[in-house]
Amino acid sequence: MQTFPIFLALHDRPVLVVGGGEPAARKVELLLSAGARVSLIADTVVGEIAQLIAEARISWAGRSFDDGDLSGMALAIVATDDEALAARVSHAAQQRSLPVNVVDRPRLSSFIMPAIVDRAPITIAISTGGAAPALARRIRAEIERALPAAIGRLARFAEIFRAQVRRTLESPRDRRRFWDRVFAGRTGELALAGDEIAARRELIRLLDSTRNENTPAGMVHLVGAGPGDPDLLTMKAHRLLQRADVIVYDRLVSPEVLAMARRDAERIFVGKRRADHGSTQQEINQRLVSLARAGNSVVRLKGGDPLVFGRGGEEIEALVRAGIAVEVVPGITAALGCAASAAIPLTHRDHAQACVFVTGQLKDGTVALDWPMLARPRQTVVVYMGAETLPIIAARLIEHGLPSSTPVALIENGTTNQERRVVGTLATIEQQARRADLEGPTLCMIGEVIGLALSRDPEFRFVSRIGL
Ligand code: SAH
């Protein structure tokens, strides 16, 4: 985070504005709407400001700036074309540790002014850390469009009942569930529509019934987190992440995906170490059971799809055996994410009539795969967890008849900003992989379709993510 966002209480606090043109007028207007007492320094002022002065809504010293003007101020905002003056005010303010903003001059500012969506009492502030103010304005426009204008009314309505709900429902979890129901249900609709009497009646009814409910039974949602790019989450995964009490995740889940979850959800990391795989999986199963038994809505977040090489099957069994409700939400598995990112067709009319997903992990010290089946021509083979056993896999495929010139692609951290690709043939890939020193999760794709992607784009640079 480049800057630290806070909301400043300025009611009845003195603020200095230097400048008398249009930009200064915009800032004065905002400051007044936050209840600040504005003192203005400027030689000349535009009509709008002159009007405010005439109405005594701001005070104006019709003279030039003096360092003493800063004393006792809560903030200083500079909106003038006079560069030397701007630098002087900024310097003097920063010497006093007084927060100062110089309009459009981030270097002279100790804080920046965000783009604002004002739905009082709801305020949304957007910053790009000074990188692209125009983008911040665009984001603001999108939020403005998505938020009903009356959302502020809903917040004021909720405020009336806040203390009563706090007294009635003791646990924070019950209170959060209650408010979720209020905002997502009929009560919220009525309040938004301005029918406050009906909304109040509905809220009281809901509060009564919530108080009399027993702790609801918990459940576990096995949710696919996709290969890394948070835009590849399903809408359902996103919704569940926003509602979960607890999120249980492992190493493959990207920080960007985790950031989509409700801020105050409990997060439990259960990254598995390879050596003690079995016992740890059992511990994870146990943990899921006890979290659900305590009444939590648990999201078990798994990289890619939960049922593709994810041991999701074992977790389902343990939960069902313990009598706990389970829901599975699919995710985009690494093979599909990586193929899309590099625009590799997994099947192709002429080159691949089948596509096989296999694990390259060792079992009892060897890679126990059906080699004759995998070495068949005209199919694409995708190997999960195959980075370490790549030399064995390449050698066996050649032994069983695949040409050593068969193209191979290794994709590391597919779909994320750290995606790297290495491409070669069954004969060369081992050495290339060693040189590239791949450390993140890596997928191995083998077959003629890789050659197709290469001939289209010899640099193999295709990226499907176009950005915002
Ligand atoms: N359930 C997951 C797979 C878990 S097995 C899924 O459906 O994708 C772990 C293996 O998945 C890794 O060793 C790697 O081969 C592959 N993998 C997962 N995410 C990946 C990514 N972003 N890029 C490349 N490979 C990935």
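Which backbone atom lies 2.8 Å from an oxygen atom of the ligand? A backbone N or O atom of Asp 305 does.

First, the ground rules. This is a predicted model, where local features need pLDDT of at least 70, side-chain atom pairs count only at pLDDT 80 or more, and totals for chains, interfaces and linings use all residues. Residues are numbered from 1 along each chain as its sequence is written, and side-chain values use heavy atoms, without hydrogens and water.

Back to the ligand. Met 385 has a backbone N or O atom 2.9 Å from an oxygen atom of the ligand. At Leu 443, a polar backbone atom sits 3.5 Å from a ligand nitrogen. A polar contact here is a pair of N or O atoms within 3.5 Å. On its own, the ligand has 540 Å² of accessible area, and the protein covers 92% of that. Those areas come from the Shrake-Rupley method with a 1.4 Å probe.

Now the shell. There are 18 residues around the ligand (a heavy atom within 4 Å). Asp 305, Val 308, Thr 333, Gly 414 and Thr 442 come nearest. Helix H13 (334-342) and strand E17 (442-446) each supply at least two shell residues. Helices are DSSP runs of at least four residues, strands of at least two. By class, the shell has 11 nonpolar, 6 polar and 1 charged residues.

Last stop, the surface. Is Ile 6 buried or exposed? Ile 6 is exposed (over 50% relative accessible area), because its relative accessible area is 57%. Ile 6 lies in the segment before strand E1 (14-18).

Terms used
Buried < 20%, exposed > 50% of the residue type's maximum accessible area, 1.4 Å probe, protein only. Polar contact = N/O pair within 3.5 Å; in protein donor to acceptor, adjacent residues only side chain to side chain. Nonpolar A, V, L, I, M, F, W, Y, C, P; charged D, E, K, R; others polar.
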